[in-house]
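Thank you all for coming. I would like to take a few minutes to walk through one model, and I will go from the whole chains down to single residues.

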Amino acid sequence: MTLTQRDMRDVYIETLSELAKEDQRILVLDADLMNSNGTAQFLKNFPTRAINVGIQEANMIGIAAGLAATGKIPFTHTFSCFNTRRALDQIYMSVAYAKFPVRIVGTDPGIMAAFNGGTHMSLEDVGVVRGIPTMTVIEPVDNVMLRAILPAVVDLPGPVYLRLNRKQPEPIYEEGTKFSIGHGQVLREGTDVTIVATGIMVSEALQAADLLEQRGVQARVVNIFTIKPIDVELIVRSAQETGAIVTVENHNVLNGLGSAVAEVLGDHYPVPLERVGIQDLFGEVGPVDYLRQRFEMTAAHIAARTEQVLARKVERF
Amino acid sequence: MTTLSTTDIQRLADFATEIRVATLRQFGTLGFGHIGGAMSIVDLLAVLYGEVMNIDPQNPHWEDRDWLVLSKGHAGPALYSTLALKGYFSLEMLDTLNKPGTKLPSHADRNLTPGVDMTTGSLGQGISTGLGVAWGNRLDGRSNYVYIILGDGESQEGQIWEGALFGGNAQLANCIVFVDYNRQQLDGYVDQINPLGDLVAKWEAFGWHTQEVDGHNIAEIHSSILKAKAVQDRSSVIILQTVKGKGCNFAEGIEFNHHMRFDQAQIDGAIAALKGVN
């Protein structure tokens, strides 16, 4: 099976295990989702270095902080809703305020919770952790990127939130591509507008750019995989060069990527902005394709919103 | 460690008085503070830092040191007095409690205060971080201990019982938990707000080696720690029957003594009374 055909969780655990062979500090904690997250394989690989705490997310985060106090690099795992909002005060005080390098891995973000439905659909996870000082927030887009950036994730000095799709992702990058945390990437050049996307929405953004090209619009597509610290330079340059921005995220448009980009534009170079994502709604149950339609997150929706921002750009200039 | 001699007991009782006096002086520089829950853990701190703990005040980050996690972080000033008297920092620094730019905030902060091992304040979290430290030390094959101090009001937090379940099953013999059972919380008496019931039975049910002692009796505290250390196959908890505000004549016996305002004359009077009984 090629790298692109594999589930992200398998590539994640394989890469983390490779790193753990060399780095004794790496430990894994899970809260009764080892068989969902793939951490059961890490437990097989390193029986003394993985802890299943049971269904105790707050305790898991606290134990991870204590382990970090003894020099370990603990990775905590559960669904993104539980690994953020369920344990937010523990993440805030025991981890971040206390300055411990805990890595919080939230799986099934946003509409990827699919058949678990609205109760499990984290549409605020990026928002709540983004507001915590020193936190790095990363959403890897595909297996090539995940494998490439994980060593740097281990070595970051502060706490990290890794927003991780478990399933087979749409391949975006060629093997061997280099990445740098905090730096976005231009996936497609364009001069009329910039679409800034993250996670599962990057492939939709690229399809939207194809649709727009057929209509004579040249859209730049940027993958912002580090939502905090966000790549201010690239966003400002894109605003200057293309004059309009569309953000695309699998998250509430409040407090996530759309807000982060709006903050950058407001601070440095305001241009018309449209924010594609969940429009401050709760999630609901269903297949991912249905949810993309339901929450207006398809390539066609992105293209339509791009045309709206272009109309605003014309009015303005 | 062996049983304490009469001289040792007197030395530790004197140390406890010194901690109380220094803590009252500290609070006196401000005129307000969490006096009740600070005074109730002083005798425990005297036994731990005066006798039991393997520490090096010149090297607070020494990897083989014993750790203290003050989960009831609002009792920080009592810990600061203890650490200053042990030489982690100067006694003059105690006058900076809560002043702008201080290294001594209301709630314990590992990144600010030499000798403070864990950041606490939001209640319920120190049991988990303490268990994490104990697990990490066990993984590394260290023989040091982690001491965790919980409040009784704090034991209303669900996270305490997540930790109790996990810690009971983990059988961390290098971890000893204390519960400062002073029976009072901010809004009054624990038994009138949300009672803890049979605390001994609860911890036993969670699989812990459980003891209950007089938290102001130096010899009892010490011997309970010896007994806990002799248990090799279980995590240990020691429930300390204490009095909130113990040794501070204007706080002890008062219903609302969790956080109080006071003037210098009250502080001076309390210090004089402490020295008188000593």
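Predicted model: local features only at pLDDT ≥ 70, side-chain atom pairs only at ≥ 80, totals over all residues.

Buried residues make up 56% of chain A, and, if we take the contacts with a sequence separation of 6 or more, 80% of them are between residues 24 or more positions apart.

The domain assignment divides chain A into domain 1, residues 3-164, and domain 2, residues 185-316, and the C-alpha centres of these two domains of chain A lie 26 Å apart. Where they meet, 24 residues of domain 1 of chain A are in contact with 27 residues of domain 2 of chain A. On the domain 1 side of that contact, α6 (125-130) and β5 (136-138) of chain A each supply at least two residues, and the residues of this side divide into 15 nonpolar, 5 polar and 4 charged.

That brings me to the packing of the interior. In soluble globular proteins, nonpolar side chains tend to be buried together. Here the largest nonpolar core has 183 residues, and A:Ile195 and A:Ala205 are the ones with the most contacts inside it. Helix α4 of chain A, residues 57-69, provides the largest share of this core, with 9 residues. Both domain 1 and domain 2 of chain A give residues to the core, so it lies between them. If we look at A:Ala205 and leave aside its neighbours within four places in sequence, we find it in contact with A:Ile195, A:Ala197, A:Val221, A:Val248 and A:Ile302.

Let me move to chain B. It has 10 helices and 9 strands, and its radius of gyration of 17 Å is close to the 19 Å that the globule rule gives for 278 residues, so chain B is as compact as a globular protein of that length. The C-alpha trace of chain B spans about 50 × 45 × 40 Å along its principal axes. Of its 278 residues, 52% are buried, and among the contacts in chain B between residues at least 6 apart in sequence, 76% join residues at least 24 apart.

Helix α1 of chain B, residues 6-28, has 23 residues and reaches 33 Å from its first C-alpha to its last, close to the 33 Å expected at 1.5 Å a residue. The buried residues of α1(B) include B:Leu12, B:Phe15, B:Ile19, B:Leu24 and B:Phe27, and also B:Arg20.

Elsewhere in chain B, B:Thr210 lies in strand β7, residues 209-214, and B:Thr210 counts as buried because it has 22 C-beta neighbours inside 10 Å. Not counting residues up to four places away in sequence, B:Thr210 touches B:Val200, B:Trp203, B:Glu204 and B:Val237. The C-alpha atoms of B:Thr210 and B:Ser236 are separated by 6.0 Å, although these residues are 26 apart along the chain.

How do the chains meet? In this model 22 residues of chain B are in contact with 21 residues of chain A. On the chain B side, α5 (126-139) and α6 (158-170) of chain B are the elements that give two or more residues, and α5(B) gives the most, with 10 residues. The residues of this side of chain B divide into 6 nonpolar, 13 polar and 3 charged.

Finally, the backbone. Most residues other than glycine have a negative phi, and most peptide bonds are trans. Which residues of chain A are joined by a cis peptide bond? They are A:Lys228 and A:Pro229, with omega at about -5°, and A:Pro229 is placed in the loop between β10 (226-228) and α9 (232-242) of chain A. A:Asp108, which is not a glycine, has a positive phi of about 55°; A:Asp108 sits in the loop between β4 (103-107) and α6 of chain A, and it is buried, with 24 other C-beta atoms within 10 Å. A:Thr134 has a positive phi near 75° and belongs to the loop between α6 and β5 of chain A, where A:Thr134 is partly exposed, with 15 other C-beta atoms within 10 Å.

Conventions. Residues numbered from 1 in each chain as written. Chains lettered and ligands numbered in written order. Domains from an automatic or database assignment. Contact = placed C-beta atoms within 7 Å. Helix = DSSP H or I, 4+ residues; strand = E, 2+ residues; numbered from the N terminus. Nonpolar A, V, L, I, M, F, W, Y, C, P; charged D, E, K, R; others polar. Expected span 1.5 Å × (residues − 1). Buried ≥ 20, exposed ≤ 12 C-beta atoms within 10 Å, placed from the backbone. Rg over C-alpha atoms; globule rule 2.2 N^0.38 Å. Core = buried A, V, L, I, M, F, W, Y, C linked by C-beta atoms within 7 Å.
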